[in-house]
Amino acid sequence: SDKLLTLLFVSLLATFSLLWGPEDTAVDLHILLLVSLPGCTPQRCGRAVTDSVVTREEAQVLRRLAERGLALAGSEGGASILDLHSGALSMGKQFVNIYRYFGDQIGDVFTQEDFQLYRDVRGRIQAVIAETFGLDPTLMYLTKPTFFSRINSTAAKTQHDEYWHPHIDKVTYGSFDYTSLLYLSDYGSDFSGGRFVFMDQNGNRTVEPRAGRVSFFSSGSENLHRVEKVTWGTRYAITVSFTCDPAHAISDPALP
Ligand SMILES: *[C@@H]1O[C@H](CO)[C@@H](O)[C@H](O)[C@H]1NC(C)=O
Ligand SMILES: *[C@@H]1O[C@H](CO)[C@@H](O)[C@H](O)[C@H]1NC(C)=O
């Protein structure tokens, strides 16, 4: 009942702040979350880009991991994903579960060190998001899907290949509160097109992918975005996202 009282109190506060007029356009959604999740819930919206959280060498190791995993199959269209948590891998027009499909052989493709590097990088990204947004990192949880993506200029064959539509992550993936992207290849030398574009009312703001560059942002309507179509070459990235809701937490990917 203590918990209920707290909830009631927080929702009253939320109601008042709505009446008082939020300064932030995305506040409605955030206040809904605040009702149950103090300590992590976005109080501030925002976005940032940093080249100092992940080294280019680490990005190259992760890129080779992605290359090896995605070489096992891949979409017929231009956009393939590999989710090391669920095991989902694009294959033709569908997905397979690499852990089931390849069984023990997957140990020849990925090493324990690969998974350790993923965990380290995930932890550092979590820490920088917490620091930037003033959150308690222990109240943020990895959420699904977390996946490697490989995009080239081949035409889409299914909706899964259509990565370029403008979208809001909170709408597309209900559990996301903070989205991060770690780029594993360089715009301009590994591929062209494929830039990340925040679509703001007063103009677009573009992030040029670069191996080791991390871009992160609150996942709500304040950060509507799209990815430009890749025109040549191959673009690799990882999506690592966090939720404030322990019910949507997942553990780090691990070899079965
Ligand atoms: C894009 O990748 C697919 C594999 O998923 C490959 O079959 C295709 O040839 C590639 N397209 C280009 C233009 O390199
Ligand atoms: C932002 O990008 C969209 C889609 O690429 C485009 O339609 C729109 O005109 C751009 N807005 C501005 C202000 O440049």
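Three strands form an open sheet in the order 10-9-12, and their pairing is antiparallel. Strands here are DSSP runs of E with at least two residues, helices are DSSP runs of H or I with at least four residues, and both are numbered from the N terminus. Two strands count as paired if DSSP finds at least two bridges between them. Strand 10 (203–207) and strand 12 (225–227) stand at the edges with a single partner strand each, so one side of each has no neighbour in the sheet. From one strand to the next the twist averages 25°, where axes are lines fitted to C-alpha atoms, for helices over the stretch in contact, and angles run from 0 to 180 degrees between N-to-C directions.

The model is a predicted one, in which local features need pLDDT of at least 70 and side-chain atom pairs count only at pLDDT 80 or more, while totals for chains, interfaces and linings use all residues. Residues are numbered from 1 along each chain as its sequence is written, and chains are lettered from A and ligands numbered from 1 in the order in which they are written.

Strand 9 and strand 12 run antiparallel and are joined by 3 bridges. One of the pairs is Phe196 with Val227 in strand 12. Strand 9 covers residues 196–200 and includes Asp200. Is Asp200 buried or exposed? A residue is buried if 20 or more other C-beta atoms lie within 10 Å of its own, exposed if 12 or fewer, and partly exposed in between, with C-beta atoms placed from the backbone. Asp200 counts as exposed because it has 12 C-beta neighbours inside 10 Å. Asp200 and His225 are 25 residues apart in sequence, and their C-alpha atoms are 8.5 Å apart in space.

Now consider the whole protein. Its secondary structure comes to 6 helices and 14 strands. Of its 256 residues, 36% count as buried. Two residues are in contact if their C-beta atoms, placed from the backbone, lie within 7 Å. Among the contacts with a separation of 6 or more, 79% are between residues 24 or more positions apart.

Strand 7 pairs with two strands that are described here. Strand 7 and strand 11 are antiparallel and share 5 bridges, while strand 7 and strand 14 are antiparallel and share 6 bridges. Ser180 has a bridge partner in each: Phe216 in strand 11 and Val240 in strand 14. Strand 7 is largely enclosed by the rest of the structure, because 6 of its 6 residues are buried. Tyr178, Ser180 and Leu182 point one way, Thr179, Leu181 and Tyr183 the other way.

Strand 11 is also mostly covered, with 5 of its 5 residues buried. On one side are Val214, Phe216 and Ser218, and on the other Ser215 and Phe217. Strand 11 is joined by 4 bridges to strand 1 (residues 47–50), and these two run antiparallel. Across this pairing, Val49 stands opposite Ser215.

Strand 3 and strand 6 pair over 4 bridges in the antiparallel sense, and Ile81 has Ser149 in strand 6 as its bridge partner. Ala79 and Ile81 point one way from strand 3, Ser80 and Leu82 point the other way, and all are buried. Strand 6 also contains Pro145. The peptide bond between Lys144 and Pro145 is cis, with omega about 0°. Most peptide bonds, by contrast, are trans.

In soluble globular proteins, nonpolar side chains tend to be buried together. A nonpolar core is a set of buried Ala, Val, Leu, Ile, Met, Phe, Trp, Tyr and Cys residues joined through C-beta atoms within 7 Å. The largest nonpolar core here has 47 residues, and Ala66, Leu82, Phe148, Leu182 and Leu184 touch the most other members. Among the elements that give two or more residues to this core are helix 3 (56–70), helix 5 (112–133), strand 3 (79–82) and strand 6 (141–151). Leaving aside neighbours within four places in sequence, Ala66 is in contact with Leu82, Phe148, Arg150, Leu184 and Tyr236.

What surrounds ligand 1? The residues are Gly74, Ser75, Gly78, Ser80, Asn152, Ser153 and Thr154, each counted as near because its C-beta atom, placed from the backbone, lies within 6 Å of the ligand. This shell has 7 polar residues, no nonpolar and no charged ones. Ala, Val, Leu, Ile, Met, Phe, Trp, Tyr, Cys and Pro count as nonpolar, Asp, Glu, Lys and Arg as charged, and the others, Gly among them, as polar.
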